[in-house]
Amino acid sequence: METVITSYCRITNSVLIINGEKLTLEPKETGQQQLTDIYKRLEIQYPKFHKMDGLCKLGVLATEAALMHSGFLERHQPDSIAILLSNKSSSLDTDRTHQHSISNKDNYFPSPSVFVYTLPNIVIGEIAIKHKITGENAFFVAEKFDSKLLAEQNLTLLKQNQVSAVISGWVDYENGNLDALIYLTEIVPNSIKNSKFKPLNDLTIKQLYY
Amino acid sequence: MDALIEKLKEQIIEQLNLAEVKPEDINPDASLFGDGLGLDSIDALELIVLLEKHYAIKIQNPADGKKIFESVRTMAEFIKSQGKA
Amino acid sequence: MPEVFTSYNSVISPLGFNTKDNLSALLNHSIGIKSVQFGKLNEWFCLSKIDNTDIQNHHASIKHHELFTKLELLSVLSIQDVLNQSGVSLKEPNTLLIYSTTKGNIDLLEKGTYADIPEQRVYLSEMANFIGNYFEAANTPLVISNACISGLLAIINAKRLIDAGLYETIIVCGGDLVTEFTVSGFKSFNALSTIPCKPFDEARDGINLGEAVASLIVTKNSLLKTEKSLRIVNGASANDANHISGPSRNGDGLFKAISDTFKNYQNIKPDTINAHGTATPYNDEMESIAFERCSLTNVPVNSLKGYYGHTLGAAGVLETIVAIESAHINQLISSAGFSHKGVSGNIEVIKSHQHSTINHVLKTASGFGGCNAAALFSKF
């Protein structure tokens, strides 16, 4: 048995990379517009998408792209898939929106549909809901993209047999800046050879991020 | 009344981020929750904020929301009954 | 494989600046929740807030304390307390600090809260690094921010990282403040009670927010074993995959987290459950159903939210520490605010403090984003 990364997606404001296939994105005025554009490109039908904040939109899109044609969801039970994500700015982008809504006592309208997104792990919840994934969850916050942290957490979880597969990566959205890498990790029998599979380790994850 | 209903539709779309919905898609008599627009519990709270923000109406008991937010028309009727439109 | 267990701990809350004072306050039925005017609108809220003068009485030991935010000060005091008790040093390469929080220094977004502190420290990693640097930590602190299960998840994660051989000793610190940010948000959710909250009670109508910082050492170093140490037998998390703000009606995620925790330990029957028990109608109902589904119907259950309010990212660490202390003295602590059962699941809520042998404790937590966690602790 071997622990490998079987699929991935990288999104920034200028590129969308799915398993090495790179698509250059036209610049858009706002991060939100870029997210809507990617949504249309990926031909996803999910009205809930439009209600999400930037962080959740980005995480859901990158996950959808990584899952497409991967066969991942057919190989694993939804209750044995974990979702482990990380980022730098937590939910700060939406935190600032909420803070703004309470900054003036004469115009004080905190919004429940904004406040609900002021936690970074809501993106895990959105991905879980979309695919009914009920396994382990964790959201880590780090100074910068940390491949060591991700590799350690992925391997620990898989080695200790908590789950059979992990949706993992980095999802950061702040001030319109998109920065996401989602990759799928599975334990596969040695008999299944696929040149696209990459061994799960610190270095591989680092390479996917660039 | 019709003008208020049209205005409400636009405000609902904006406040609830219903990007794929156009005002003409909303039947003023259709249920907002469940099968109709498919709104959820957070949206219900958000509609309370909408009334407060745009119409200065405070709903003290959120349980009252159920009747008020049955459809766009019931919302409009409620706003009228409060003398705010 | 050497066993991973809990060691020294420290709690800072409105009920005291160390664990001992907190425990005696709980045994004396003191609660930290008070009705106070709060926020720009000066509205009345029931909150469990740490008195600023109490902080001033304690921060003298910290050099340049004016350069610390309130949460950083409390965190440093709490971590220093467990380091002093244990002799552990974060300078050692085999030690790690895990910081658990939902909002960290979110009060930095409010203009004018602090004069000399850069807004940069609103980033959770910046805050954790600042705390880590104070202790000259060898490793970059790990930050877990996973809503209301953060604290329990941090303890479970600490055990796993030690089991994996990556560290020997981990200090888990959980902290969150009561801020206008969270108070206004939960109010817009219509989730706040205007009276001290009543977990599992028929009259419960919402949460009280609370602030606390709690630190717990998790280790496999037998030299750090104390008379209070509990083995961390196992833990798990699970997602409802149902709704981002409401729990699953039938407790699916919590049921799964508890079932996974007991998967290889079905012979163990917990003597008590320290539940999440936020006192919202849906949460407590969901928990009661999950406990019944797990056949935990006659296990005494409490929630500590009636004493401390909901301390968000601190809750899992704070409540685990109280559970450890309560197991040590074999005393079940009453679920403050509870008088008449108002949940449909068949559970036994602890009405008054009582002596009882406690060998195994189940701790659970649930939160926004559909997340749930459970962990099982046992005496040696």
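1. The A–C interface. Chain A puts 44 residues in contact with 44 residues of chain C (contact: C-beta atoms, placed from the backbone, within 7 Å). On the chain A side, the elements that give two or more residues are helix 4 (92-101), helix 5 (112-115), helix 6 (122-131), strand 5 (137-141) and helix 7 (147-159). Helices here are DSSP runs of H or I with at least four residues, strands are runs of E with at least two, and both are numbered from the N terminus. Helix 6 of chain A gives the largest share, 6 residues. By type, this side of chain A holds 19 nonpolar, 14 polar and 11 charged residues. Nonpolar means Ala, Val, Leu, Ile, Met, Phe, Trp, Tyr, Cys and Pro; charged means Asp, Glu, Lys and Arg; the others, Gly among them, are polar.

2. Basis of the model. This is a predicted model: local features need pLDDT of at least 70 and side-chain atom pairs count only at pLDDT 80 or more, while totals for chains, interfaces and linings use all residues. Residues are numbered from 1 along each chain as its sequence is written, and chains are lettered from A and ligands numbered from 1 in the order in which they are written.

3. Strand 5 of chain A pairs with strand 5 of chain C, residues 142-144. The sense is antiparallel, over 2 bridges (pairing: at least two DSSP bridges between the strands). Within this region, A:Val141 stands opposite C:Val143.

4. The A–B interface. Here 12 residues of chain B are in contact with 8 residues of chain A. The chain B side divides into 6 nonpolar, 1 polar and 5 charged residues.

5. Chain C overall. Chain C has 10 helices and 16 strands. Its radius of gyration is 19 Å, close to the 21 Å of the globule rule for 380 residues, so chain C is as compact as a globular protein of that length. The radius is taken over C-alpha atoms, and the rule is 2.2 Å times the number of residues to the power 0.38. Along the principal axes, the C-alpha atoms fill a box of roughly 55 × 55 × 40 Å. Of the contacts in chain C with a separation of 6 or more, 78% join residues 24 or more positions apart.

6. Burial and core. Buried residues make up 64% of the 380 residues in chain C. Buried means 20 or more other C-beta atoms within 10 Å of the residue's own; exposed means 12 or fewer; partly exposed lies in between. The largest nonpolar core has 207 residues, and C:Ile155 and C:Val172 touch the most other members. Such a core is a set of buried Ala, Val, Leu, Ile, Met, Phe, Trp, Tyr and Cys residues joined through C-beta atoms within 7 Å.

7. C:Glu285 is found in helix 8 of chain C, residues 281-293. C:Glu285 counts as buried because it has 20 C-beta neighbours inside 10 Å. Beyond residues up to four places away in sequence, C:Glu285 touches C:Val343 and C:Ser344. C:Pro199 is 86 residues from C:Glu285 in sequence, yet 9.8 Å away in space, C-alpha to C-alpha.

8. Chain B overall. Chain B has 4 helices and 0 strands. Its radius of gyration, 12 Å, agrees with the value near 12 Å for a compact globule of 85 residues. The C-alpha trace spans about 30 × 25 × 20 Å along its principal axes. Buried residues make up 27% of chain B.

How values were computed
Two residues are in contact if their C-beta atoms, placed from the backbone, lie within 7 Å.
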